[in-house]
Amino acid sequence: MGLGGGDGMGELRDLASPFVASGPSGVAVRTRFKKLTPDDGKVLRLMGGHLGSLASKDLKARCRDGLEHSAETWAGRKRGLTALSSSRWAGSITKATHDQWALARRCQLAHIQNLEAGIRTIEQRLSQPVGQKGAKRAPGGYRSRREWHAKSRRLRVLEDRLSAARADREAGVVHVVRGGKQLARTRHHLDEAGFTKGEWRRGWEAERWFCQADGESGKRYGNETIRISPEGEVSIKLPAPLAYLANAPYGRYVLACRVVFAHRGGEWADRVAADRAVAYRIHLDTGRDRWYLTASWQTPVTPAIPIEAALAHGVIGVDMNADHLAAWQLDVHGNPTGAPRRFFYDLSGTAEHRDAQVRHALTRLLYWARDCGVRAIAVEDLDFAAEKTREKHGRKKRFRQLISGMPTGKLRARLSSMAVQTGVVVIAVDPAYTSRWGAQHWQKPLTSTTRKTTRHDAAAVAIGRRAQGHPIRRRTAPPPAHRSDEQGHRTVQADRRVPGCEGTRPRIPGPRTRSVGAGRGANAGNQNAQHRPGRSAEHEFWQQDSLPLSL
C-alpha cells in the first residue's frame with residue numbers, strides 16, 4: 001500500500017523540489033572464517049570476552065560522566081584501558097563507547113518527540129465533544145465516554161514519561177544495554193522465544209564481546225591491530241594479559257585459515273596493498289556456530305550530477321509498498337512507455353531474510369533500469385517517523401503495523417548505495433498526493449482490456465513526472481462549448497501577462513495541408529471576414545441598408 005497520497009484534499013501544502021540523493025560514503029563487506037582450528041576459536045573467545053568486559057566498564061564510566069565529559073576524562077579512560085590491552089585497542093574501545101553514547105542521545109530525543117506528538121493528539125481529541133466527527137487532517141472526539149476516560153488516564157501516563165525523559169536528557173543520563181535490550185528481555189520468557197538457558201547465555205555473551213579495530217592509513221596493510229594481508233592471512237595483536245597465547249613475534253596471533261572476500265575483493269585488495277585504512281570486526285553467530293569477519297572503509301563521496309543530465313534519457317518512477325515495488329518507465333516528455341513492472345519481496349522472518357529480500361528486489365530493479373538505458377530512478381522521500389505514533393491513527397492498528405513494517409530508511413539507503421555501482425542516479429521527490437493524483441489522472445487511461453493498471457502503478461507514473469518537473473495531470477481541460485458555467489472552469493489557464501495569449505493567430509509561412517495556398521486564404525486577424533454581427537463581409541456584393549425610421 002503506497003502512502004504517498006493519503007492526505008486529504010483540503011488546503012494543499014507547498015511541494016518540495018526534487019533533488020538527487022547523495023551516494024554512500026563507506027563500504028562494508030563480510031566473509032566467513034572457514035576451517036578454524038579449536039585453538040583459533042579458543043583465542044578468539046578469550047580475546048572477545050576480555051575486551052568486552054573492558055568495553056562494558058568504559059561505557060559505564062562514559063555514562064557516569066554524562067554532560068561533564070571532556071578531553072581530559074577521555075584521555076584518562078584511554079590510559080586506564082591501555083595498561084589492560086594496548087593503545088590501539090584502547091582507542092577502538094573509547095571510540096565505540098562515544099558512538100554508542102551519541103546514538104543513545106539521538107534515540108532519547110526521538111522518544112521525547114514521539115511522546116510530545118502523542119500528547120498533542122490526545123489533548124486535541126479530549127477537548128472536543130464525545131462523538132464529534134473529524135476531518136482528514138484533524139481527528140475528532142472520542143467515540144464514547146469510556147474511551148474518553150481511558151485516554152485521559154493514558155494522557156497522565158505519557159506526561160509522566162515525558163517529564164522523566166526530559167529530566168534524563170537535561171542531566172545527560174542515557175540508558176544503554178550492551179548486547180541489546182531485546183535479547184536481555186528474552187531471558188524472562190525463554191520458552192516463548194525457543195531458547196534454552198545455555199543457548200541464551202552463549203548468545204548473550206557473544207553479543208557483549210568486543211573485537212573490532214579501526215584502520216590507520218600508512219600502517220602495514222591499513223590496520224595494525226587486526227592485520228590481513230592481500231593473500232588472506234589474518235594476524236591479530238593480542239591484549240597484554242593474553243600475550244602468552246601468541247604464536248608469532250611481537251605478541252601477535254596468526255589464524256590457521258585464510259579469508260577471501262567474494263564481494264569487492266579486488267577493491268579491498270587494492271586498499272590493503274596500498275596500506276590504506278581498513279577497519280575490521282570479528283563476531284560469532286551462535287545460531288550457526290560460525291565466525292565472520294567484516295571489513296569496512298570510507299569512500300570519497302561521488303559528486304552529484306545535475307538533475308537535468310540524469311533525466312536526459314527518461315526516468316523510472318518507483319512506488320514503494322508493503323510487499324512490492326511498483327515501477328514504470330517514462331520518456332523525456334513524461335509519458336509512460338512499455339508495461340509496468342512489479343518487484344515483490346517478503347518482509348516476514350528474520351532480519352537477515354528481510355534484508356536479503358530488499359536487496360534482491362532492488363537488484364532486479366537496477367538491472368531493469370540498465371537494460372532500458374535509463375540513468376535515473378525516482379522514489380518518494382518518505383519519512384514515517386511522525387506517522388508511527390500510536391495516538392495518530394487510533395483504532396487503525398493494521399495501518400500502524402503496516403507503516404511500521406515498511407523499511408523506508410533501509411530501502412532508500414540500499415538503493416542509493418547499490419545504484420552507484422550501476423551508474424544510476426536516485427532522485428527523491430515530495431511524496432504528497434502522488435497516490436491520489438496518480439489514480440485520479442492515470443489509472444483509468446492506462447487500463448485496457450489486456451492490462452489492469454493498479455493504484456500503485458499510477459502512483460509510479462506520478463512520481464516519475466514530478467521528478468521530471470511535469471505536472472501530474474495529463475493535459476489541460478478543453479475550453480467550454482459555450483459561455484455558460486455548465487462545464488466549469490478550465491483546470492489550467494494561461495497567465496494574463498504571457499505575451500500573445502490575447503492576440504490573433506500568427507501567419508505561418510509555407511505550404512498548407514488544406515486546398516487553400518499559403519497567403520491566399522482568409523486572414524485570421526481580419527475581423528471583417530468572420531461574419532460576426534455588426535461586421536461587414538468583405539467579399540459580398542450587397543450591403544444591408546438601415547431601415548427608414550418612418551416604417
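I began with methionine 320, which stands opposite leucine 325 of strand 10. I was working from a predicted model. Strand 10 covers residues 324-330 and pairs with strand 9 in the antiparallel sense. I found six bridges between the two. Three residues lie between strand 9 and strand 10, and the two strands form a hairpin.

Next I looked for another partner of strand 9. Strand 12, residues 376-380, runs parallel to strand 9 and is joined to it by two bridges. Here isoleucine 316 stands opposite isoleucine 377.

Then I checked the side chains. In a regular strand they alternate between the two faces of the sheet. In strand 9, Val315, Gly317 and Asp319 point one way. Ile316, Val318 and Met320 point the other way.

I turned to the helices. Helix 1 spans residues 38-65 and helix 3 spans residues 87-126. Their axes come within 9 Å and cross at roughly 50 degrees. I therefore noted helix 1 and helix 3 as oblique to each other. Their crossing is right-handed.

Which residues make the contact? From helix 1 I listed Met47, Leu51, Leu54, Ala55, Asp58, Leu59, Arg62 and Cys63. From helix 3 I listed Trp89, Ile93, Thr94, Thr97, His98, Gln100 and Trp101. By class, I noted nine nonpolar, four polar and two charged residues in this contact.

Key
Residues are numbered from 1 along each chain as its sequence is written. This is a predicted model: local features need pLDDT of at least 70, side-chain atom pairs count only at pLDDT 80 or more; totals for chains, interfaces and linings use all residues. Side-chain values use heavy atoms; hydrogens and water are left out. Buried means under 20% relative accessible area, exposed over 50%, partly exposed in between (1.4 Å probe, protein chains only). Helices (H or I, at least four residues) and strands (E, at least two) are DSSP runs, numbered from the N terminus. Two strands pair if DSSP finds at least two bridges between them. Axes are lines fitted to C-alpha atoms, for helices over the stretch in contact, and angles run from 0 to 180 degrees between N-to-C directions. Angles under 35 degrees count as roughly parallel, over 145 as roughly antiparallel, 65 to 115 as roughly perpendicular and the rest as oblique. A crossing is left-handed if the near helix is turned anticlockwise from the far one by less than a right angle, and right-handed if clockwise. Contact means heavy atoms within 4.5 Å. Ala, Val, Leu, Ile, Met, Phe, Trp, Tyr, Cys and Pro count as nonpolar, Asp, Glu, Lys and Arg as charged, and the others, Gly among them, as polar.
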